[in-house]
Amino acid sequence: MPASPSTARAINDRLALRLLQQEGPLTAGQLKQLTGLSRPTVADLVDRLTASGLITVVGESGAQRRGPNARLYGIVADRAHLAALDVRTEGVLVLVSDLLGRVLAEASAPIGGDTGTGPAVEQAVAAVENAVKEAGADRLHTVGIGAPGLIDPATGDLRDSAGLPAWHRSLAATLVDRLPGARVTVENETNLAALAEQREGAARDRDTFVLLWLGHGVGAAVVLDGTLRRGASGGTGEIGFLPVPGTDTLPSAGDCAGGFHSLTGAAAIISLAGEHGLPAPATVDGPGAAEVVRGAAAGVPVGGEPVGGAVADATAEADAAPARFLRALADRVAVGVASVVAVLDPGCVVLGGEVGQAGGAVLAGLVEERLRRMSPLVTEVRASSLGGTAVLRGALLTARDRAQDELFAPPERSGG
């Protein structure tokens, strides 16, 4: 059956708004050309969207030529303000943006491991409130939070997880109380990193891929046919618990020690570097492991051989240490990747997180070479282009999508 006039108007309005989001400011004539709608229909929707406060005149086109210039219409960026949070074991990173995703303010709050739940939550919320104030925003429309751990698919809440600070689970509820009217969404950090890599990073040309997060811990996110897969309990990608050869024990339901985490977590990477004579970083965490890997990769070209190639003297032996370390690390990473590839056949694996980005094309190439020997399934291995910023970018994209879905919806569905 044909759409009702109100439904047709809503469809046309959303189409125009999406085009303005993707293309930037457009004239009525350009909207007519891109949508295929008639001139009167475009004029009507421009009037409606202007009256609703969603678009406004932002300039004129054709200023360089004679004659009248067409008005350029753009989305009202300050129609809503958004916040994105990257919640980590040692603190929280925050940014505040406008409706178009332009970052207006950033903040961080380091939180010590011995900080109580109440004070920790207060520090995190204060960081959000300070960023909102710095951005000049009156209120937040939507907040996207990325955090480690499992998200309950029924409630959208973080599940209680061993080894993670208790304040993580209290933060979302506190933000709901302290930010009246704000919509708060929590998502697993690795899933958000995959979303960011797909939209802005290394997987922009892929509808199906797996992101392997290498940082303080290890995790994976699965995108199949353009859709993020979370699993029945929200646990898709908990690859740290994957039983693998090369460990002393098996993982348990409450502890991933003995699983893939024991081979590729930050502590394992730093220990492996020490075995190859590389200097230890100041801290045993994701950035510390990334520091070691980045330093090793800097002296090893794509292909894995040390710069200079000679191994006859002590200097060459020292140069070879980074290459040996990276080859050993690639062997470990490939064990987990091969298991994922055997089950999903994604065709592409992105090495994400601080360590994945630090290893760059060198580590990705070594993992891909080992994977070719272990699996008959052709799989491209790429390095993240976003690294440790991917979670924050994914949280912002999620917040922006949710806000725009509501604001761009027909009035009867928008809830005001």
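Modeller: Let's take strand S2, residues 71–75: it is largely enclosed by the rest of the structure, because 4 of its 5 residues are buried. Buried here means under 20% relative accessible area, with exposed over 50% and partly exposed in between, using a 1.4 Å probe on protein chains only. Strands are DSSP runs of E with at least two residues, helices are runs of H or I with at least four, and both are numbered from the N terminus. Bear in mind that this is a predicted model, where local features need pLDDT of at least 70 and side-chain atom pairs count only at pLDDT 80 or more, while totals for chains, interfaces and linings use all residues. Residues are numbered from 1 along each chain as its sequence is written, and side-chain values use heavy atoms, with hydrogens and water left out.

The partner of S2 is strand S1, residues 55–60, and the two run antiparallel over 5 bridges; strands count as paired if DSSP finds at least two bridges between them.

A nonpolar core is a set of buried Ala, Val, Leu, Ile, Met, Phe, Trp, Tyr and Cys residues joined through side-chain atoms within 4.5 Å. The largest one holds 48 residues, and Leu212, Phe325, Leu326, Leu351 and Val367 have the most contacts inside it. Several elements give two or more residues to this core, among them strand S8 (209–214), helix H10 (314–344) and helix H11 (353–374). H10 gives the most, with 14 residues. Val367 is worth a zoom: leaving out residues up to four places away in sequence, it touches Ala330, Val333, Ala334, Val337, Leu351 and Val381, where contact means heavy atoms within 4.5 Å.

There's also a second, separate core of 32 residues, including Val121, Val128, Ile151 and Ala172. Ala172 belongs to helix H5, residues 167–178, and counts as buried because its relative accessible area is 18%. Apart from neighbours within four places in sequence, Ala172 is in contact with Ile145, Val184 and Val186. Thr185 is 13 residues away from Ala172 in sequence, yet their C-alpha atoms are 7.9 Å apart in space.
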